[in-house]
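I opened the model to look up a few local features and the packing. My entries follow the display.

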Amino acid sequence: MTPGHFWTQLRRESRGGRARLAFFALCLAVGVAAVVAVAGFSASLRTGLRTEAKRLLAADLKVEGRRPIPEPVFERLAAEPDAAVTRVAELITVVVAPASGRSQVVELKAVTGDFPFYGELLLEPARPLAELVAGSGAVAAPELLDRLGLAVGDPLSVGGRTFELRAVVRSEPDRLGTAFALGPRLFVAGEDLAATGLAEQGSRVEWRALVRLPEGSGDARVEALAAALRAALPDPAYYRVETSVQGQPELRRGLDRTERFLGVVALLSLLVGGIGVAQTVRTWMAARLDSIAVWKALGGTPRELALLYLGQTVLLALAGSAIGVAAGLAIERSLPALLAGLLPDLPASAPRWGAAGRGLALGVGVALVFALGPLVAALRVPAARVLRRDVEPLPLGRALAALLGLATFAGVAAFATLQAKSAAHGALFAAGLALTALALALGARLLVALARRAPRLALPLPLRHGLAALGRPGSASIAAIVALGLGTLVVVGMRTIEQGLSDRLRADLPTDAPTTFLIDIQPSQWPGVRAEIERAGATRVDSVPVVMARLAAIDGRPVRELAERQATGGARDERRWALTREQRLTYLERLPEDNEIVAGRLWGDPELAEVSIEEEFARDLGIQLGARLVFDVQGVPVELAVTSIRKVRWESFGINFFLVVEPGVLERAPQMRIAAVRVPAGAERELQDRLAASYPNVTLFAIRDVLEKVAAVLDRIGVGVRFLGGFTAAAGIAILAGAIAAGAALRGREVALVKSLGMTRGGVAALFATEYALAGLLAGAIGAAGGTALAAAVLERGMDIPWRAAPAIPLVAVAGAALLAIAAGLAASLRPLAARPLDSLRAETG
Amino acid sequence: MTPPALELRRLTKRLPSGDRLLTILDAVDLVVPRGEFVAILGPSGSGKSTLLGLAAGLDRPSEGEVRIDGRAIHDLSEDALARLRRGRIGFVFQSFQLLPNLTALENVLLPLELAGGREPLGRARAMLADVGLAEREHHYPVQLSGGEQQRVALARAFAPEPALLFADEPTGNLDGATGARVLETLTALRARTGTTLVLVTHDPSVAALADRRVHLRDGRIERIETASAARELPLALDPAPA
């Protein structure tokens with residue numbers, strides 16, 4: 001056959017059965033739309049988070065340490081094309097108001113250069129920071145003005161040098177997460193800090209170099225520069241290089257889970273589409289058997305026919321996938337509106353051609369993988385069918401059936417790998433699906449065999465004929481049961497995963513989280529402060545003591561030595577930082593609810609001074625149960641034994657510590673208290689005024705805005721998850737109903753025959769309903785079991801969410817599968833039921 | 001020496017029926033010289049259509065040989081059989097077997113396009129005109145009467161000028177007058193092309209037009225009749241007893 005002839009035949013073959021072909025395309029369109037939209041959604045979220053991370057860092061990258069940033073770092077930065085650098089120094093110091101003589105601890109930030117590179121520093125009056133602080137100017141947080149009774153224009157004294165207060169800080173981009181700040185913010189110029197001499201007096205200064213790279217610099221450049229800076233650091237144990245690529249952990253965890261869920265949704269949607277395609281191709285080819293036989297009789301070779309129908313499949317798949325890509329891109333474009341105001345600077349999505357191409361390839365691939373079996377089976381119809389209509393396609397043979405099975409398995413594993421970005425997960429998913437398909441096929445065979453052997457004569461007529469129809473030779477029951485069962489698996493699996501994730505998102509919603517943190521409370525002040533908090537209507541008050549300390553040795557080896565070894569060994573910054581940072585210890589009899597012991601026992605050894613350590617922090621320090629840690633608690637060495645390791649649910653926003661010490665060890669050490677309280681909206685201001693009057697050293701930080709934002713993001717994600725889950729389930733049900741209906745429509749001749757023998761329409765409907773109900777119940781039961789197993793695996797392994805049995809979902813699914821099969825089967829039989837038997841019989845023979 | 005158009009030797013077909021094998025055709029021998037018109041007659045279940053399917057390479061024998069133009073076809077691959085049928089073998093069926101998604105013209109075009117002949121469109125149009133359906137070339141099968149459909153089928157079968165034509169009850173689905181007109185068209189086309197014709201029929205009046213009549217019963221040749229005394233010598237190598 002010449003290419004021109006091939007195209008002509010392809011075009012002619014596409015005539016007739018347009019509805020069926022459109023359904024084929026629709027099946028794929030739904031799946032591909034889900035893949036493209038989810039890819040776009042994930043990419044938008046990632047970009048949004050990256051923007052947020054830059055804002056929180058106020059830069060693309062920062063180098064920070066407890067020692068001045070060494071010159072080689074700045075030399076390296078100077079060599080970086082178009083990189084902008086700002087030097088920042090932060091320290092805790094005391095500010096005095098000369099007029100009143102009142103003083104306040106502040107977090108002083110001295111800036112040389114542009115600040116911030118990302119995000120917004122809201123000042124009042126709104127003028128550039130550099131201009132406001134130049135020439136001994138200062139800019140302060142409103143808490144400082146309240147505390148010291150200052151106003152813009154007043155003088156204030158820092159380190160014996162007088163500054164003029166020129167503006168108020170309303171919002172600072174990189175201060176969102178600082179619930180544990182030690183005092184209100186005060187900005188001065190870098191050179192003025194140098195003039196005070198504060199930085200040279202042994203103060204604990206945190207030095208920072210903020211770096212901005214030109215717009216459009218990719219992650220690779222940011223990470224490459226970070227690596228170069230790490231290499232340029234002469235004493236890396238004392239510095240940390242952080243990039244915006246690392247992002248913000250609190251939100252990222254929830255979003256990671258959502259992204260994984262969406263990936264699974266997209267894959268399952270595509271598979272539902274594939275099952276729809278397989279069923280459509282099966283029924284479409286069943287209707288083409290006569291034509292294929294005529295083709296063969298006229299000299300069309302099996303190879304030409306295979307090419308013709310494969311070509312048609314590819315064209316249809318391309319059309320369906322293109323519709324899916326367009327729909328997916330349209331959904332993606334509407335995302336910024338859906339998430340408006342929740343994720344700052346969520347990019348308006350430009351069409352993602354990569355995702356579109358992937359969607360097209362996946363759609364065509366899925367169509368080919370799922371159509372191959374039915375196509376090959378149909379093409380084995382002997383040409384002799386032109387003489388005898390009851391000649392059916394030759395059986396596939398074991399080797400060919402195994403080859404087709406293997407090809408389908410490999411295809412599904414490849415799609416799953418692409419979606420999950422993990423070959424192991426892809427193979428596991430395909431294996432689970434194959435096992436369920438096998439169980440379905442075996443169950444269906446068993447049902448068909450039972451139907452064949454069951455003593456039917458004593459049964460009521462519809463049940464007898466229903467069983468007979470299921471068991472008749474050449475019945476399509478097995479294929480239909482496998483398709484419906486896999487569809488049930490997808491719907492049950494998805495609904496269960498969605499419910500697990502929604503429950504978890506709801507549990508993560510910080511509805512009872514603290515809205516305000518209070519710090520720097522002297523232990524003697526706590527009863528009075530607590531009374532004030534309760535007067536403000538607090539519904540939750542948590543307070544713990546805090547002791548500042550430094551880690552001196554682990555298992556007898558000095559920390560300095562360990563840090564240097566880690567630096568030369570190329571360990572991550574977090575590890576070195578964990579060793580050298582200032583540690584905050586608390587002591588507690590019982591752990592907060594959001595802590596869970598994962599190894600060891602809490603306070604179980606009366607002979608030891610014990611410490612409980614958070615698991616990731618333990619990993620960073622490289623220590624295990626039984627390790628001995630020596631802390632330098634303001635000059636006094638304290639040895640503690642690690643007797644338990646904890647998992648902490650940080651997203652609860654409660655007060656949590658990496659290190660919790662057994663009561664009875666640190667009570668006499670210098671300490672302060674911090675408190676996390678939940679007060680009604682609007683009560684923070686009054687509480688602050690009261691505390692400022694009675695306890696001026698206590699600083700209050702409201703985090704309600706942050707909380708509300710996180711809650712809104714999680715809530716919106718939950719809505720999205722439920723919507724997508726519901727959409728896919730509905731699409732799956734529609735596709736399956738269509739597939740069943742397509743099969744049932746081929747039974748016109750049978751309907752006509754039993755009607756011609758005197759059966760009423762009601763009787764025929766009851767006969768069909770019995771057959772479809774039996775098939776639906778079996779498919780539903782096996783599919784629901786498979787779907788539940790799939791959901792449990794995805795939740796437990798993929799999302800770290802414990803699976804809880806929810807029997808309502810599989811039970812509803814089994815009943816639903818039976819009802820769906822009956823409804824779709826009967827709906828498709830309506831036309832032959834209504835037609836006169838002779839018309840159907842004539843149409844069949846003619 | 002020119003080989004015969006069709007040669008069947010010990011042709012046997014068995015099909016499984018429950019636990020045993022049912023013999024549909026039992027060691028049939030038949031030789032059909034070029035240009036001959038052979039009618040196969042017999043009651044239902046005698047193996048007429050099976051014989052036709054095996055002879056045309058549409059089905060495979062359980063035993064025995066089929067030769068077309070001296071070439072054994074019973075062990076050819078599906079692709080080779082399909083290529084052999086192109087242009088060399090034509091078919092006419094009782095139920096017409098027109099492709100429902102193709103127009104009358106496209107149905108006639110299909111074997112010409114498969115055979116790769118020159119100017120297939122002109123040839124297809126000419127054939128439709130020959131069977132009196134030039135005006136109906138853009139009609140789909142469902143828009144044609146039974147007789148018209150069978151005439152399109154005849155045009156399709158004769159268009160590639162096959163050396164051998166198999167016809168299975170070509171008038172079986174038609175009323176008497178329509179059947180007669182179809183038969184008239186068939187014989188006229190055969191007379192013009194000299195095509196060898198093997199035709200299965202129940203109808204003695206149709207069979208009467210044949211050069212030889214092969215009567216089948218229970219899968220065996222019962223007897224062979226010739227149209228005239230001059231051609232009384234049976235061409236079957238091993239004719240069944242009359």
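Entry 1, terms. I call a residue buried under 20% relative accessible area, exposed over 50% and partly exposed in between, using a 1.4 Å probe and protein chains only. The model is predicted, so I took local features only at pLDDT of at least 70 and side-chain atom pairs only at pLDDT 80 or more, while totals for chains, interfaces and linings use all residues. Residues are numbered from 1 along each chain as its sequence is written, chains are lettered from A and ligands numbered from 1 in the order in which they are written, and side-chain values use heavy atoms, without hydrogens and water.

Most residues other than glycine have a negative phi, and most peptide bonds are trans. A:Ser136 has a positive phi, near 60°. I counted A:Ser136 as buried because its relative accessible area is 16%. A:Ser136 sits in the loop between α4 and β5 (137-140) of chain A; helices (H or I, at least four residues) and strands (E, at least two) are DSSP runs, numbered from the N terminus. A:Asp555 also is not a glycine and has a positive phi, about 50°. I found A:Asp555 in the loop between β12 (540-554) and β13 (557-558) of chain A. With a relative accessible area of 47%, A:Asp555 is partly exposed.

I then noted two cis peptide bonds. One runs from A:Phe115 to A:Pro116, with omega near -10°, and A:Pro116 is in the loop between β3 (103-112) and β4 (122-124) of chain A. Another joins A:Glu124 and A:Pro125, with omega about 5°; A:Pro125 is in the loop between β4 and α4 (129-133).

I defined a nonpolar core as a set of buried Ala, Val, Leu, Ile, Met, Phe, Trp, Tyr and Cys residues joined through side-chain atoms within 4.5 Å. Which residues touch the most other members of the largest core? They are B:Leu6 and B:Phe166, in a core of 138 residues. Helix α8 (residues 249-297) of chain A gives this core its largest share, 21 residues. A second, separate core has 42 residues, among them A:Val73 and A:Trp207.

A contact means heavy atoms within 4.5 Å. Not counting residues up to four places away in sequence, B:Leu6 touches residues including B:Val31, B:Ile68, B:Leu164 and B:Phe166. I also looked up B:Arg213, in strand β9 (residues 212-217) of chain B. B:Arg213 counts as buried because its relative accessibility is 17%. Beyond four places in sequence, its contacts include B:Leu41, B:Arg223 and B:Glu225. For chain B, 54% of the 242 residues are buried.

A cavity is a set of points on a 1 Å grid over the protein atoms alone where a 1.4 Å probe fits but cannot get out; lining residues have an atom within 4 Å of a point. Grid points are joined across faces, edges and corners, and a volume is the space filled by probe spheres set on the points. I found 2 cavities of 30 Å³ or more. In chain B, α2 (78-88), β6 (89-92) and α5 (146-158) each supply at least two lining residues.

Conventions. On a 1 Å grid over the protein atoms alone, a cavity is a set of points where a 1.4 Å probe fits but cannot get out, and a pocket is an open set with protein on both sides within 12 Å along at least five of seven lines; lining residues have an atom within 4 Å of a point.
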